[in-house]
Amino acid sequence: VFGCQGGTSNDLIMKALLRAARDGMQVINLSLGGPGGWRQDREARLADELAKNGTIIVAAMGNEGQMGLFEASSPGVAESAITVASTENEFRSNMYFTVDEKSLKAAHVDNEEEEDENRSHDEDDGGKDIEEEKEEEEDDRVNTKKTPEGKKPPRAILYLGDVDMNFSNTTLVAVSPGTSGKIAGDACKPITQDLTGKIALIRRGDCTFKIKIANAALAHASGVILMDNVPSTGFAADTEGATIKVRSITLDDGVYLLKTIQQQKKEKEGIKLVAGKGPKQVFNPNSGFLSTFSSMGPDSELNSKPDIAAPGGQIWSTFPINLGSYASLSGTSMATPYIVGCVGLYLEGLPNSDHSAKAIKTAFQNSAQPRKQQKGYNGYASVTQQGAGLLSMMDILSTKVVVTPSHISLNDTEHINSKQQITITNAGTTPLEYKVDVVSAAGLEPFDKKMMVEKNPLPIEAKASVKVSQTTVTVGPGSSSTVDLQFTGPNTDPTKFVIYSGYVRLTPAKVSPQSPVMHIPYMGMQGDFKKVDILDSSFGLRLFDARGRPIRLSPTDNAGGATGGHLTVGSDGSPAIPIGVSGTISGEIGIDLSTGTSEAEGDAAAGGRPRPGANGMKIVFRMVTASEILVLDLVSAEGQDPYQVKSYGLLKGGVARFVPRNDQLEGNAFQVMGWDGELLREDGTTESLMRDGNGRVKETYRLRISLLKHFGNPDNDLDFESHLSEPFSLGRTIPE
């Protein structure tokens with residue numbers, strides 16, 4: 001569904017899903033996804049329908065792990081989809097290059113100096129095993145294996161990027177002096193030195209990769225090597241449109257090159273590099289931990305996602321031939337095919353088992369093993385990051401025990417599903433005895449002090465109280481037993497809206513492949529989700545003309561500012577100033593909540609995302625969290641209470657449903673809706689304010705945005721959050 005670059009469209013994905021199912025595919029791999037968070041999203045609903053007909057959908061969770069919680073992508077958010085998080089691979093393989101040591105003076109940064117903190121794990125070096133390397137927290141760069149002459153080989157510098165960078169008749173120079181990995185604005189401004197015949201070593205940060213590369217090209221550099229400015233195992237740079245070759249390396253390796261240049265006193269001349277022969281495999285110090293890029297749940301209704309984890313960080317994979325044929329890639333898109341392959345093994349290895357999507361997900365989650373938090377918390381990482389944990393295929397194929405449900409979504413404090421029951425079914429021939437206990441996982445605070453989504457939430461202690469009806473249970477062959485559970489949220493500040501989670505653990509009296517330790521993940525929010533704001537009020541509701549210029553009144557015309565608030569109602573519960581005929585927002589737009597369609601807007605109301613429009617006014621806003629219903633209408637410029645102002649009607653195109661939250665990624669930082677001056681009449685026809693005949697084009701107006709709160713009732717106007725724009729006049733607006 002993808003071309004050589006860029007993304008793809010929702011309709012193309014859906015057509016591909018339908019065709020694959022029609023062609024008889026039993027399992028579909030979806031290493032893709034987009035902003036979603038709603039099970040009611042079109043692709044998610046299609047995935048659920050296909051699953052009902054026997055097609056197994058395995059989907060990537062997403063790569064927005066550094067954008068905070070509530071980042072479940074679609075169609076992976078579908079209830080029936082097996083949604084996959086990523087863990088780090090045990091090893092990392094990449095193409096590499098070295099410094100040409102023959103051209104160096106005797107005194108230089110050698111491997112002895114770096115050995116203690118920089119050591120690779122070669123397959124044949126006879127060195128320490130992985131666990132010993134983990135305990136010593138050694139890094140992964142230097143090959144400590146000695147040559148027959150007793151010398152260590154040159155340091156292998158692994159890279160991502162162009163494999164055909166030419167080192168002949170070139171040297172490496174640093175654009176900015178010094179050996180620090182952080183230099184403000186490195187290559188962000190035009191480079192004054194002549195880089196003819198040179199490869200530019202440039203630090204990451206402060207401006208885009210494209211600017212740095214373009215400035216190096218204008219200085220006549222033959223190539224660019226970008227070094228990270230924070231510790232990492234590598235990064236991929238956006239080099240689209242680059243006219244010279246580009247590679248990216250780690251901070252560690254970049255500092256090594258900077259020190260070598262300085263100690264060799266070759267700041268102007270530069271040092272020579274040599275291309276490595278084939279890929280190099282090194283130990284990954286983050287092995288087995290969750291990948292930092294792996295997106296975090298839950299979904300927009302606090303349902304648990306992802307479902308399971310698989311290796312997706314630093315995967316040696318095929319690649320376009322002209323880019324080197326192979327590369328080390330990272331992403332939940334790399335983890336998803338592992339689960340797809342395991343589904344195939346399940347279908348073939350257990351031909352008499354239940355092959356429904358629900359049964360397979362249950363089996364996979366039952367046997368998964370939760371991963372520990374890498375830093376900041378001594379225990380399991382949050383269920384919102386890993387679901388049930390890392391897949392264990394051998395246990396899946398061997399065990400005869402099934403536990404349902406395979407995961408528990410507790411919801412928030414006001415809607416908590418506190419009473420739960422798990423059923424243990426033994427399909428084996430011998431009785432099994434289990435110890436039942438509960439282990440908590442790291443809690444996460446989803447919002448910062450300004451109630452914006454925290455991009456990198458720190459793990460905290462957030463232990464729920466769980467009453468277990470029996471701490472030991474015996475399940476006879478061919479029978480089932482139940483265990484009752486009662487959950488109480490942790491003792492955390494409810495205004496922090498902490499996401500807490502953990503695992504109900506079943507430990508057999510004798511652990512074996514036929515009866516492994518089993519885990520049932522649970523997750524909830526401590527706090528009332530309805531109290532979380534949806535719109536970013538600090539950004540507000542901003543208006544722009546078709547050319548992107550801000551629209552405003554002259555200072556003498558401005559009668560008021562943007563405001564936000566809550567609806568006030570009359571004594572009978574109806575709005576003091578009715579919005580529509582029925583007195584409610586949902587009544588005005590005629591939403592059929594069972595189908596997600598609108599009489600006024602047709603299928604557009606089920607679109608799941610506002611539509612920008614080609615011409616006319618652009619309405620821009622940011623959503624901190626998602627909303628099931630979004631409504632925009634035209635209101636009077638008089639009055640400051642957003643629900644005590646006169647409404648002139650609903651904007652054409654002013655309805656959207658199941659709208660995802662915004663983050664700081666390109667293409668999803670803001671919601672943009674277009675308006676051409678048309679209003680919807682009650683009979684579904686439109687009326688244009690741009691016609692001077694009614695005299696209203698010269699009046700001053702504002703726009704009002706109404707967003708249904710989390711778990712809100714669309715028939716209750718009190719459950720909508722509402723904000724007003726700055727005043728404007730269609731006849732007197734001026735560009736800023």
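This text goes through a sheet, a disulfide and a cavity in turn. The structure is a predicted model.

Start with the sheet. Four strands make up an open sheet, and their order across it is β1-β3-β5-β16. The pairing in this sheet is parallel. Which strands stand at the edges? They are β1, residues 27-30, and β16, residues 308-313. Each of these two has a single partner strand, so one side of β1 and one side of β16 have no neighbour in the sheet.

Strand β5 covers residues 82-88 and pairs with β16 in the parallel sense, over 5 bridges. To find this pairing in the structure, look for V84, which stands opposite I308 in β16.

Next comes the disulfide. How many disulfides does the model contain? The count is 1. This disulfide joins C188 to C207, with a distance of 2.1 Å from S to S. A pair of cysteine sulfur atoms counts as a disulfide within 2.5 Å, so the link between C188 and C207 at 2.1 Å meets the rule. The angle about the S-S bond is -95°, and the link of C188 and C207 is left-handed. Where do the two cysteines lie? C188 is in the loop between β10 (171-174) and β11 (198-203), while C207 is in the loop between β11 and α5 (209-218). The pair therefore ties together parts that are 19 residues apart in sequence.

C342 has a relative accessibility of 11%, so C342 counts as buried.

The last feature is empty space inside the model. Rolling a probe the size of a water molecule over the atoms shows where such space is left. In this model the count is 1 cavity of 30 Å³ or more. The volume of the largest cavity is about 30 Å³. Which residues line the largest cavity? They are R92, N94, L158, Y159, L160, T233, G234, F235, S248, I249 and T250. Two strands, β6 (91-94) and β13 (245-249), each supply at least two residues of this lining. By residue type, the lining divides into 5 nonpolar, 5 polar and 1 charged.

Definitions and conventions
Residues numbered from 1 in each chain as written. Predicted model: local features only at pLDDT ≥ 70, side-chain atom pairs only at ≥ 80, totals over all residues. Heavy atoms only, no water. 1 Å grid on protein atoms, 1.4 Å probe; cavity = no way out; pocket = protein on both sides within 12 Å on 5 of 7 lines; lining within 4 Å. Points joined across faces, edges and corners; volume = space filled by probe spheres on them. Nonpolar A, V, L, I, M, F, W, Y, C, P; charged D, E, K, R; others polar. Pairing = 2+ DSSP bridges. Buried < 20%, exposed > 50% of the residue type's maximum accessible area, 1.4 Å probe, protein only.
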